[in-house]
Amino acid sequence: MSSGDSSVKIFDDYIEFFNPGHLPYTITIAQLLADEYSSYSRNRKVAATFKEAQLIETVREWRTASSPLKTSKADENYGSGIRRIREAFEQYGLKAPKFENFQHGFRVVVYAETATDIDRTSGKTSGKILAYIRENPDITIPELSLLLEITERSVERNISQLQKDKKLSRIGPAKGGHWEVIGD
């Protein structure tokens, strides 16, 4: 692999994404994690692909330290990838990825979750779901999503696990039925 190659390495307990070239000297890891930086594109091909996929509207290109930045109308998605990745991991109760300058490039490490880790992270959410259902057996998944401030998919995943663990049961159809906490 040359110094210009990006790589993805898959291990038993983590996945490593590597891209040659450190963060720009004006951005620290702390600023990156705090979302306190102004971003720009160093890889025009990746930026153009994201623009074509309508994931960003504007492609900003880094010229040189002495040349001005080429910009146009900014989109709220532009430069928000790290923040969105971190929010998605948090939303799904996953361990936060590790971002670091590593050797001659930038590395992101995404950790695998074990069943024990998932049970630990979703345990509080599952308990809250059961409490809300005890209060209101007719509560809906969208209502639980709003109350818990998590996605409907996260609610569904927690409910599915509660049903597998025989802690929760659905009585009747999806519309018109109700929830029953088992063991109460």
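A residue counts as buried when its relative accessible area is under 20%, as exposed when it is over 50%, and as partly exposed in between (1.4 Å probe, protein chains only). Glutamate 100, at 14% relative accessibility, therefore counts as buried.

The model is predicted, so local features need pLDDT of at least 70 and side-chain atom pairs count only at pLDDT 80 or more, while totals for chains, interfaces and linings use all residues. Residues are numbered from 1 along each chain as its sequence is written, and side-chain values use heavy atoms, with hydrogens and water left out.

Side chains of opposite charge can pair when their charged atoms come close. The structure holds five such bridges. In one of them, glutamate 100 pairs with arginine 107, with 2.4 Å between the closest N and O atoms. Arginine 107 is buried, because its relative accessibility is 13%. Arginine 107 also meets the side chain of glutamate 16 in a salt bridge, at 3.1 Å from N to O. Glutamate 16 belongs to strand 2 (residues 14-20) and arginine 107 to strand 4 (residues 105-111), so this pair ties together parts that are 91 residues apart in sequence; strands are DSSP runs of E of at least two residues, helices are runs of H or I of at least four, and both are numbered from the N terminus. Glutamate 16 is buried, as is arginine 107. A network of salt bridges links Glu16, Lys98, Glu100 and Arg107.

Another salt bridge joins the side chains of arginine 153 and glutamate 156, at 3.9 Å from N to O. Both residues lie in helix 6, three residues apart, or about one turn of the helix. Arginine 153 is partly exposed at 45% relative accessibility, and glutamate 156 is partly exposed at 35%.

A nonpolar core is a set of buried Ala, Val, Leu, Ile, Met, Phe, Trp, Tyr and Cys residues joined through side-chain atoms within 4.5 Å. This core has 13 residues, and those with the most contacts inside it include Ile129, Leu144 and Val155. A second, separate core of 10 residues includes Leu23, Leu32, Tyr37 and Ile82.

Contact means heavy atoms within 4.5 Å. Leaving aside residues up to four places away in sequence, valine 155 touches Ile129, Ile141, Leu144, Ser145, Leu148 and Ile150. Serine 145 is in helix 5 and is buried, with a relative accessible area of 12%.

Aromatic rings of Phe, Tyr and Trp (its six-membered ring) pair if their centres lie within 6.5 Å; planes under 30 degrees apart count as stacked, over 60 as edge-to-face and the rest as tilted. The whole structure has two aromatic pairs. Phenylalanine 11 and tyrosine 14 are stacked, at 4.5 Å centre to centre and 25 degrees between the planes. The rings of phenylalanine 99 and phenylalanine 106 have centres 6.4 Å apart and planes at 20 degrees, so that pair is stacked. Phenylalanine 11 is partly exposed at 36%, whereas phenylalanine 99 is buried at 7% and phenylalanine 106 is buried at 13%.

Definitions and conventions. Salt bridge = Lys/Arg side-chain N within 4 Å of Asp/Glu carboxyl O.
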